[in-house]
Amino acid sequence: MIIKQYFSAGGRISAEQQVMQIQDTNQNNVWRGRAILPPANLEKDILIYQATTEQGETKYRAVPAKCPHQGVDLVDDVLKEDGNVYCHLHKRPICIFSEYNFGFDVVKRDEQFYLIKSE
């Protein structure tokens, strides 16, 4: 997926952490895992999306796996060129790489993913 416009991650964490229980999904370049997310610092299912910027850079971003509106699992919803995933239940945009995102920056080292500390 090449995204039209890239915005920095809006989600903030204070220390790098390894994403656990990584699983492939039915979508290319989307993985499911578990991580401790603020503000409640609870372990949650997350989805990690890979996208390519117009400059050719590969970027990864993680968000909770459930829609914040009614808790619907987003695993089969596709990342669009505008940087959003649209919940299949209500079509609510979940901002992954777009302007109003609260996604977390992710780095891939070998075959492991890490949420990286916010600058």
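A disulfide here is a pair of cysteine sulfur atoms within 2.5 Å. Everything below comes from a predicted model, where local features need pLDDT of at least 70 and side-chain atom pairs count only at pLDDT 80 or more, while totals for chains, interfaces and linings use all residues. Residues are numbered from 1 along each chain as its sequence is written, and side-chain values use heavy atoms, with hydrogens and water left out.

View A. What keeps Cys67 from pairing up with Cys87? The closest cysteine sulfur to that of Cys67 belongs to Cys87, and at 4.0 Å that's too far for a bond. Cys95 is in no disulfide either: its nearest cysteine sulfur, the one in Cys67, sits 11 Å away. Cys67 is also buried, at 4% relative accessibility. (For burial throughout: buried is under 20% relative accessible area, exposed is over 50%, and partly exposed is in between, using a 1.4 Å probe and protein chains only.)

View B. Gln27 is in the loop that links strand E2 (20-24) to strand E3 (30-37). Where does its side chain reach at 3.0 Å? It goes to the backbone oxygen of Asp77. Setting aside neighbours within four places in sequence, Gln27 is in contact (heavy atoms within 4.5 Å) with Val75, Asp76, Asp77, Val78 and Leu79.

**View C. The largest pocket.** Rolling a probe the size of a water molecule over the atoms shows where empty space is left. The grid is 1 Å, over the protein atoms alone; a pocket is an open set of points with protein on both sides within 12 Å along at least five of seven lines, whereas a cavity is a set where a 1.4 Å probe fits but cannot get out, and lining residues have an atom within 4 Å of a point. The largest pocket has a volume of about 360 Å³, meaning the space filled by probe spheres set on the points, with grid points joined across faces, edges and corners. Of its 16 lining residues, Val63, Pro64, Pro68, Ile94 and Phe102 lie nearest the centre. Strand E5 (58-64) and strand E7 (93-95) are the elements that give two or more residues to this lining, and E7 gives the most, with 3 residues. By type, the lining splits into 12 nonpolar, 1 polar and 3 charged residues. (Nonpolar covers Ala, Val, Leu, Ile, Met, Phe, Trp, Tyr, Cys and Pro; charged covers Asp, Glu, Lys and Arg; the others, Gly among them, are polar.)

**View D. Leu37 in strand E3.** Leu37 belongs to E3 and is buried, at 3% relative accessibility. Its C-alpha is 8.4 Å from that of Pro64, which is 27 residues away along the chain. Beyond neighbours within four places in sequence, Leu37 is in contact with Leu42, Lys44, Ile46, Pro64, Phe104 and Leu115.

View E. The peptide bond from Pro38 to Pro39 is cis, with omega near 5°, and Pro39 sits in the loop between E3 and strand E4 (42-52). Lys91 isn't a glycine, yet has a positive phi of about 65°; look for Lys91 in the loop between strand E6 (84-86) and E7, exposed at 56%. Asp110, also not a glycine, has a positive phi of about 55°. Asp110 is in the loop between strand E8 (104-109) and strand E9 (112-115), exposed with a relative accessible area of 74%.

View F. Asp24 is in strand E2 and exposed, at 66%. A polar contact of 3.3 Å joins its side chain to that of Trp31. (A polar contact is a pair of N or O atoms within 3.5 Å; within protein, one must be able to donate a hydrogen and the other to accept it, and residues adjacent in sequence count only if both atoms are side-chain atoms.) Asp82 is in the loop between E5 and E6 and partly exposed, at 35% relative accessibility. The Asp82 side chain reaches the backbone nitrogen of Asn84 at 3.0 Å.

Notes:
Helices (H or I, at least four residues) and strands (E, at least two) are DSSP runs, numbered from the N terminus.
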